[in-house]
Amino acid sequence: MHKIILSLKNTRYPIYIGNEIFSKFPSLCKKHGIKPHLAVITDKIVSELYLDELLSILKRGGFSPEVIIVNPGETSKSLSVLSKIITQLIQMKLRRDETIVAFGGGVIGDLAGFASAIYLRGVNLIQFPTTLLAMVDSSIGGKVGIDHKLGKNLIGAFHHPVFVFSDISFLKTLPKREIICGLGEVVKCGIIMDAEIFKMIETNFESVLNLNPKIVQNLVLRSAMVKSRIVSKDEKEKRLRMVLNFGHTIGHGIEASLNYKRLKHGEAVMFGMLGESFISLNRGILSLDEFERIKRVIFKIGVVFPQKLLERNLILKYIGYDKKILSERLNMYLPIKIGKMKFFDDINFDEIERAVDFLFEQNKIKLTST
Ligand SMILES: O=C(O)C(=O)C[C@@H](O)[C@H](O)[C@H](O)COP(=O)(O)O
Ligand SMILES: [Zn+2]
């Protein structure tokens with residue numbers, strides 16, 4: 001089992017990563033002083049696959065878990081679902097020094113994480129990600145929150161977990177589409193900071209998709225390290241952390257325009273990365289060669305740009321509501337080569353428009369997953 005320490009100004013916490021480490025979970029909870037009474041928040045899919053096992057290993061370890069189950073999918077990141085969760089937490093009398101375990105993918109991590117940030121003004125959180133996307137990205141760094149109908153993650157907080165527990169063996173039951181979503185954030189880590197990650201996907205794509213444990217564990221580890229390094233330098237996204245938003249300005253606009261249906265976050269981010277790389281290409285700061293590499297990898301991953309469902313102007317409208325734009329000017333990091341980004345504070349909305357138009361021109365993008 002590997003351990004990465006995320007160090008922040010006021011706290012530090014470990015990210016445990018390994019293959020088939022599930023049984024170690026209760027002893028780690030004990031090591032971190034977790035009280036016996038805890039709330040596991042999960043979704044219907046994860047609960048059908050893994051909840052019995054989690055509950056039995058927790059009970060065997062001396063814990064008394066209670067469970068809250070929500071519907072899977074981004075639409076659960078809403079005020080109404082959050083409110084139901086809070087009601088259940090009150091009814092189960094979860095105390096301030098007790099813990100919520102976010103057991104699931106990115107939606108559960110964000111939603112249960114946000115519940116843990118606001119319930120009784122904050123209780124302990126353990127991030128137990130079960131999807132690739134959650135393991136490499138959303139479980140790390142403390143961003144928790146829900147969506148508003150006008151935009152993604154517009155309501156939220158920074159609330160760090162006591163620890164993150166990533167067992168890559170959970171990926172065996174993950175649908176290919178979810179693996180692909182996670183790969184979106186992995187590719188992002190490659191482009192923004194670790195060219196080796198990008199190369200691994202370029203050259204070992206089939207092994208990654210077939211979940212070769214050695215390669216997958218390496219990708220999860222390297223991506224978690226990229227994320228930890230960035231968050232530890234800029235916890236509250238004053239500047240450097242904005243690099244993790246690569247692909248998300250356009251990506252969030254696409255997701256919101258579809259009302260968070262049809263395209264998943266990681267898929268939308270892939271199109272966002274392609275669009276935002278196009279801005280770099282147009283500015284002459286990214287070579288055509290590097291741009292083509294990015295495009296090839298994204299096309300190879302084979303996500304669908306559901307042109308027929310998308311409306312250019314709606315996407316642009318939602319991009320305009322994005323918090324990155326709401327706060328001040330259009331600031332963003334753009335790739336200048338694979339593995340290296342540069343910050344710009346002079347992006348104008350025309351460039352975003354042209355990038356969105358470019359995505360619509362990519363007729364070659366296969367319609368495979370709708
Ligand atoms: O942790 C971060 O910082 C990120 O930007 C990671 C993103 O991949 C993630 O989707 C995040 O939730 C987006 O945050 P937002 O502040 O742009 O809503
Ligand atoms: Zn993301």
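This is a predicted model: local features need pLDDT of at least 70, side-chain atom pairs count only at pLDDT 80 or more; totals for chains, interfaces and linings use all residues.

Colleague: Great. In what order do the seven strands of the open sheet run?
Modeller: The order is 1-2-9-6-5-3-4, with mixed pairing. Helices (H or I, at least four residues) and strands (E, at least two) are DSSP runs, numbered from the N terminus. Two strands pair if DSSP finds at least two bridges between them.

Colleague: Which are the edge strands?
Modeller: Strand 1 (2-7) and strand 4 (64-70), each of which pairs on one side only. Neighbouring strands of this sheet are turned by 20° against each other on average, direction ignored. For that angle, axes are lines fitted to C-alpha atoms, for helices over the stretch in contact, and angles run from 0 to 180 degrees between N-to-C directions.

Colleague: And what holds paired strands together in general?
Modeller: Strands of a sheet pair through backbone hydrogen bonds, either parallel or antiparallel.

Colleague: Let's zoom in on strand 9. Is it mostly covered or uncovered?
Modeller: Strand 9 (residues 163-167) is mostly covered, with five of its five residues buried. Buried means that 20 or more other C-beta atoms lie within 10 Å of the residue's own; exposed means 12 or fewer, partly exposed is in between, and C-beta atoms are placed from the backbone.

Colleague: Which way do its side chains point?
Modeller: Phe163, Phe165 and Asp167 point one way from strand 9, Val164 and Ser166 point the other way, and all are buried.

Colleague: Which strands does strand 9 pair with?
Modeller: Strand 2 (residues 12-18) runs parallel to strand 9 and is joined to it by four bridges. In that pairing, Ile15 stands opposite Val164. Strand 6 (residues 124-129) is also parallel to strand 9, with two bridges. There, Ile126 has Phe163 as its bridge partner.

Colleague: What about strand 5?
Modeller: Six of the six residues of strand 5 are buried, so strand 5 is largely enclosed by the rest of the structure. Strand 5 (residues 99-104) pairs in the parallel sense with strand 3 (residues 37-43) over five bridges. Val40 has Val101 as its bridge partner, and Leu38 stands opposite Thr99. Strand 5 also pairs in the parallel sense with strand 6, over six bridges, where Val101 is partnered with Ile126.

Colleague: New topic: which residues are around ligand 1?
Modeller: They are Asp137, Ser138, Gly141, Lys143, Lys152, Asn153, Glu185, Glu237, Arg241, Leu244, Asn245 and His248. A residue is near a molecule or strand if its C-beta atom, placed from the backbone, lies within 6 Å of it. Helix 5 (132-138) and strand 8 (151-158) are the elements that give two or more residues to this shell.

Colleague: How many of them are nonpolar, polar and charged?
Modeller: The shell has one nonpolar, five polar and six charged residues. Here Ala, Val, Leu, Ile, Met, Phe, Trp, Tyr, Cys and Pro count as nonpolar, Asp, Glu, Lys and Arg as charged, and the others, Gly among them, as polar.

Colleague: Which domains supply the shell?
Modeller: Domain 1 (2-173) and domain 2 (179-361) each give at least three residues to the shell around ligand 1. The domain bounds come from an automatic or database domain assignment.

Colleague: Where does UniProt put the "binding site"?
Modeller: The unreviewed UniProt entry places that feature at Glu185, His248 and His265. Although spread over 81 residues of sequence, they cluster in space, with a largest C-alpha distance of 10.2 Å. UniProt positions are given in the numbering used here, feature names are shortened, and annotations may be inferred rather than shown by experiment.

Colleague: Why does His248 count as buried?
Modeller: Because His248 has 24 other C-beta atoms within 10 Å. His248 is found in helix 10 (residues 248-257).

Colleague: Last one: how do strand 10 and strand 11 pair?
Modeller: Strand 10 (residues 332-337) and strand 11 (residues 340-344) pair in the antiparallel sense over five bridges. Pro335 has Met341 as its bridge partner. Their hairpin has two residues between the strands, and Gly339 takes a positive phi near 100° there.

Terms used. Residues are numbered from 1 along each chain as its sequence is written. Chains are lettered from A and ligands numbered from 1 in the order in which they are written.
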